[in-house]
Amino acid sequence: MFDKKTNAGQKPIGNMLGKTSGLIKLIIALVLIFIIIGNSYYTIQEEEQAVVCTFGAPKAVTAPGLHFRIPFVQTVTKVNTTIQGFAIGYALEGESGDVVDDAMMITSDYNFINVDFYAAYRVTDPVKALYASEDPVEILKNIAQNCIRTTIGSYTVDSVLTTGKNEIQANITQMILEKLESYDIGIQLISITIQDAEPPTEEVSNAFKEVETAKQGKETALNNANKYRNEQIPNAEAKSDEILQSAEAAKQERINEANGQVARFNSMYQEYVKYPEVTKKRMFYEAMENVLPDIKVIIESSDGTTSTVLPLDSFVTNESADTNDNDTDEKD
């Protein structure tokens, strides 16, 4: 009687255990199904790319949207392909650490200077970015620091602080791009810019400011000098042209005068050839009249007649008359 009761009591318990075990198996199966379904697809955003690894063979998936994979066989790693950046020489918001040593550099004229840079980059090959190196961004940082120090070391402190920034940035960018191409780690430098450049101490900074002020004063003085020169050159050229024109006019006047003298001399010579004695006397009396313009010379002959020698007009008139008389007598 006792055994029957015991068996009757055990049957409900066994049934309950059987139902519970079946329910647990069903729950486990449903969980597995949900896990399998959940791991059988993935989504890629516009700013992402994915690397699907099948039995150790990676493959890049670049198209955004919904994609499927084989659960427990394929693994998916998403890579951010937007433009990102890091600072050299200073800390970005939310970052920590001592960056003073990264900022301090030495120039070609052996001056210390603090220079801050910001580098922008993006992932171009997600497979290489994940598997070509352990930390490609850290490699890029090391390359950038090396190129920055090499380039800054070839410029003077004045160039770094003032006029040489654009050229320095261009040279650093070119060096980094060449090294990244040889490393081939799947990331690309977009740009690197100088954020700030200043001497390491306040005293040195003030000295550089004074130097810069002096340079600006020099530039101002040069500009004023050039302005004055540009104003004076036209005046000087005008005066030069005036002097040249006056000289040319004087030259022509002298030439004309000389030509006139030559013509006069030729005319006198022709008269001299015709009447040598008369011409000699006339030239003599003209010379005396020029030397003694106010003198009056009268010659009285032994027969009581007088003749005026100077002024020349009367003498020349008398001389001409005498000459004509002599010519008439000779003809007769």
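Two salt bridges are counted in this predicted model, a salt bridge being a side-chain nitrogen of Lys or Arg within 4 Å of a carboxyl oxygen of Asp or Glu. Since the model is predicted, local features need pLDDT of at least 70 and side-chain atom pairs count only at pLDDT 80 or more, while totals for chains, interfaces and linings use all residues. Residues are numbered from 1 along each chain as its sequence is written, and side-chain values use heavy atoms, with hydrogens and water left out.

Lys128 forms a salt bridge with Asp184, and their closest N and O atoms are 2.8 Å apart. Lys128 sits in helix α3 and Asp184 in the loop between α6 and β9, so this pair ties together parts that are 56 residues apart in sequence. Helices (H or I, at least four residues) and strands (E, at least two) are DSSP runs, numbered from the N terminus. Both partners are partly exposed: Lys128 has a relative accessible area of 30%, and Asp184 has one of 39%. For these classes, buried means under 20% relative accessible area, exposed over 50%, and partly exposed in between (1.4 Å probe, protein chains only). Asp184 also has a backbone feature to note, a positive phi of about 55° although it is not a glycine.

The other salt bridge joins Lys215 to Asp158, with the closest N and O atoms 3.0 Å apart. Here too distant parts of the chain are linked, with Lys215 in helix α7 (residues 202-274) and Asp158 in helix α5, 57 residues apart. Lys215 counts as partly exposed at 31% relative accessibility, and Asp158 counts as partly exposed at 29%.

Turning to the chain as a whole, 9 helices and 11 strands are found. Of the 332 residues, 22% are buried. The accessible surface comes to about 23,300 Å², and 55% of it belongs to carbon and sulfur atoms; accessible areas come from the Shrake-Rupley method with a 1.4 Å probe, and for residues only the protein chains shown count as cover. Among contacts (heavy atoms within 4.5 Å) between residues at least 6 apart in sequence, 65% join residues at least 24 apart.

The interior can be described through its nonpolar cores, each a set of buried Ala, Val, Leu, Ile, Met, Phe, Trp, Tyr and Cys residues joined through side-chain atoms within 4.5 Å. The largest nonpolar core has 33 residues, of which Val115, Phe117, Ile148, Val160, Ile172, Ile176 and Ile192 touch the most other members. The elements giving two or more residues to this core are the strands β6 (84-88), β8 (112-123) and β9 (187-198), together with the helices α3 (126-131), α4 (136-152), α5 (157-161) and α6 (165-183). Apart from this core lies another, of 5 residues, among them Tyr42, Ile44, Ala50 and Val61. Leaving aside neighbours within four places in sequence, Ile192 is in contact with Phe117, Tyr118, Ala119, Ala144, Ile148, Gln169, Ile172, Thr173 and Ile176.

Asn114 is buried, with a relative accessible area of 16%. Not counting residues up to four places away in sequence, Asn114 touches Ala103, Met104, Asp196, Ala197, Glu198, Pro199 and Pro200. In the loop between β7 (104-106) and β8 lies Tyr110, which has a positive phi of about 60° although it is not a glycine. Tyr110 is exposed, with a relative accessible area of 68%.

As for the cysteines, a search of the whole structure finds 0 disulfides, a disulfide being a pair of cysteine sulfur atoms within 2.5 Å. Cys53 is buried at a relative accessible area of 13%, and Cys147 counts as buried at 0%.

Leu26 is found in helix α1 (residues 2-38) and is partly exposed, with a relative accessible area of 47%.
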